[in-house]
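Reader: I am new to reading protein models. Could you walk me through some features, one at a time?

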Amino acid sequence: NKFSKLYTENYDFHRSFEKGKVTREKFLSVMIEWLEHSVTADEFCRIFSSIFTLSDHVQQLLPLLKERYTLCLLSNTNEIHEEFGYRHYDFLNHFDKIFLSHKVSAVKPEKEIYKAVERFTKKPPHEHLFIDDISEYVEGAKLCGWDAVQFKNYETLIADLRSKNIIW
């Protein structure tokens, strides 16, 4: 459809919003225009933020990891997703710090978002393990000297964590 085409062709506009370089008002104005005013800003925000899926198994793993490790969440996101999407999820309480791209002005796989985590943990790069479902972001972490694994499913994640002696 027309909206998908415009969104795809202008993905850098979305990225700029994720980096906090485009205001919410400007982003919404453009999105509503591309949708030919067929939805309100509030309706758009709710639909735009309904992209999150949660894994019960991974959520249950977080408190176990938290007992031994500092947990940080890195998310390429924007203030709309923060407000309408995952802000209310309880699993976020297991993280010591949440790094949102629009607040650190960098997105995965840019080096700066990983460096923001290092400034918080005060640990050298090789002491960080990054897990993400997008291979490009995993490679970005590796380029920063981090250990990293691509999330494919819960079973593979458990095998990866066992192979690194993170869980038994």
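**Buried residues and a helix pair**

Author: Let us start with Phe3, which is buried, with a relative accessible area of 18%. Buried means under 20% relative accessible area, exposed over 50% and partly exposed in between, using a 1.4 Å probe and protein chains only. This is a predicted model, where local features need pLDDT of at least 70, side-chain atom pairs count only at pLDDT 80 or more, and totals for chains, interfaces and linings use all residues. Residues are numbered from 1 along each chain as its sequence is written, and side-chain values use heavy atoms, with hydrogens and water left out.

Reader: Which residues is Phe3 in contact with, leaving aside its neighbours within four places in sequence?

Author: Contact means heavy atoms within 4.5 Å. With those neighbours left aside, Phe3 contacts Met31, Trp34, Leu35 and Phe44.

Reader: How do I read the packing of helices α2 and α3?

Author: Two packed helices are described by the angle between their axes and the distance between the axes. Axes are lines fitted to C-alpha atoms, for helices over the stretch in contact, and angles run from 0 to 180 degrees between N-to-C directions. Here the axes of α2 (residues 11-18) and α3 (residues 24-34) come within 10 Å and cross at roughly 155°. Angles under 35 degrees count as roughly parallel, over 145 as roughly antiparallel, 65 to 115 as roughly perpendicular and the rest as oblique. So α2 and α3 are roughly antiparallel to each other.

Reader: Which residues of α2 and α3 meet?

Author: Phe13, His14 and Phe17 in α2 meet Arg24, Lys26, Phe27, Val30 and Met31 in α3.

Note on methods. Helices (H or I, at least four residues) and strands (E, at least two) are DSSP runs, numbered from the N terminus.
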